[in-house]
Amino acid sequence: MLPRLVQAFLSSPNPCSRAPLPPRTPTSAPPFAQATAFGPWLAYEQRPATLSRAAACSPSVEPCLTESLLMSSALPRSVERLIEAFARLPGIGPKTASRLTYHLLRTGEGESRELAKALVAVREGTVFCSRCFNITSKESDPCEICEDPGREAGVLCVVEEPLDVLAIERTRNYAGRYHVLHGAISPVEGIGPDDLRIRELLARVDAEEIKELIVATNPTLEGEATAMYLKEAVHNPELRMTRLARGLPAGGDLEYADARTLSEALEGRREV
Ligand SMILES: [Zn+2]
């Protein structure tokens, strides 16, 4: 069932490329709320919920919506620029972007300076590890995990993002090394295998004589598609490939579990 789903997912075209959204014009946008003492700023904050929902639901609409909203306002260009910069970050829509900017304007200058310094420092002082592609400081490449002789050789845990490494390290239950793909295969977003660190992973499997590959991509359609692709691409019968088990969360309640999670928990049952 799952492989067929994944295959269909992999072959599905990007709907966005076939049906581009019509361009928005300022006259088509719903009117803003009444301007207040804070002028267009709060009018933007209090815009109708329908407009807000549309902006939150459609990433393709969001940038042009943000632009049209801001262009019609009387905000200083520097403020517009910061809102636009925040809105480009994942998970942050125009409303949150404007709130963050407003927060920085209201708080002391020190907070903004500290944020600016931290941004510069993270760009100038960090790189991706040349072996596992996790985040590391410029001074220690390869990273500490790759260089740690106490780590189990021959076992690689493949994850989508650097934050996933942190999550697994927090368990203190894994002693192998990692490989960060920096994403997952997603035809809808136009991300293919060549956009990820898959070629480097395959090279490592041969060069480091890897015995087990733990595919810890997310339990999403994209994560499953990536796992299936890796299974096809590795072509090594001696290599053990495993996938993280799925099932019930610790402290969870059976009656609140969805059918798919419960079904996977049943399949992954073990001896007690
Ligand atoms: Zn590394």
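**View 1. Glutamate 209 is exposed, with 11 other C-beta atoms within 10 Å of its own.** Before going further, please note that this is a predicted model, in which local features need pLDDT of at least 70, side-chain atom pairs count only at pLDDT 80 or more, and totals for chains, interfaces and linings use all residues. Residue numbers start from 1 along each chain, following the sequence as written. A residue is called buried if 20 or more other C-beta atoms lie within 10 Å of its own, exposed if there are 12 or fewer, and partly exposed in between, with C-beta atoms placed from the backbone. Glutamate 209 has a positive phi of about 50 degrees, although it is not a glycine. Its place is the loop between α11 and β5. Here and below, helices (H or I, at least four residues) and strands (E, at least two) are DSSP runs numbered from the N terminus.

**View 2. Phenylalanine 133 also has a positive phi, of about 65 degrees, without being a glycine.** This residue sits in the loop between β1 (126–128) and β2. Is phenylalanine 133 buried or exposed? With 22 C-beta neighbours inside 10 Å, it counts as buried.

**View 3. A cis peptide bond links aspartate 141 to proline 142.** The omega angle of this bond is near 0 degrees. Proline 142 belongs to the loop between β2 (135–137) and α9 (144–147).

**View 4. Four strands form an open sheet in the order β4-β3-β5-β6, with parallel pairing.** Strands β4 (177–180) and β6 (240–243) stand at the edges with a single partner each, so one side of each is left without a neighbour in the sheet. From one strand to the next, the twist averages 25 degrees; axes are lines fitted to C-alpha atoms (for helices over the stretch in contact), and angles run from 0 to 180 degrees between N-to-C directions. Two strands count as paired if DSSP finds at least two bridges between them. As a reminder, strands of a sheet pair through backbone hydrogen bonds, either parallel or antiparallel.

**View 5. Strand β3 (residues 155–159) is joined to β4 by four bridges, and the two run parallel.** Leucine 156 has arginine 177 as its bridge partner in β4, cysteine 157 has tyrosine 178, and valine 159 stands opposite valine 180. Four bridges also join β3 to β5, again in parallel, and there the partner of leucine 156 is leucine 213. Four of the five residues of β3 are buried, so the strand is largely enclosed by the rest of the structure. β3, helix α10 (residues 162–171) and β4 make a right-handed β-α-β unit, where right-handed means that, with the strands pointing away from the viewer, the path from the first strand over the helix to the second runs clockwise.

**View 6. Both faces of β4 are covered.** Arg177 and His179 lie on one side, Tyr178 and Val180 on the other, and all are buried. In a regular strand the side chains alternate between the two faces of the sheet.

**View 7. The largest nonpolar core has 26 residues.** Such a core is a set of buried Ala, Val, Leu, Ile, Met, Phe, Trp, Tyr and Cys residues joined through C-beta atoms within 7 Å. Which residues have the most contacts inside it? They are Val158, Val159, Tyr178 and Val180. At least two residues each come from β3, β4, α11 (198–207), β5 (212–215) and α12 (221–234). Leaving aside neighbours within four places in sequence, valine 158 is in contact with several residues, including Leu201, Leu213, Ile214, Val215 and Leu230; a contact requires C-beta atoms, placed from the backbone, that lie within 7 Å.

**View 8. Helix α8 (residues 109–125) lies largely in the open, because the number of buried residues among its 17 is zero.** From its first C-alpha to its last it reaches 24 Å, close to the 24 Å expected, a span taken as 1.5 Å times one less than the number of residues.

**View 9. Arginine 269 is found in the segment after α13 (259–267).** This residue is exposed, with 9 other C-beta atoms within 10 Å. Its C-alpha atom is separated by 9.8 Å from that of arginine 246, 23 residues apart along the chain.

How values were computed
Two residues are in contact if their C-beta atoms, placed from the backbone, lie within 7 Å.
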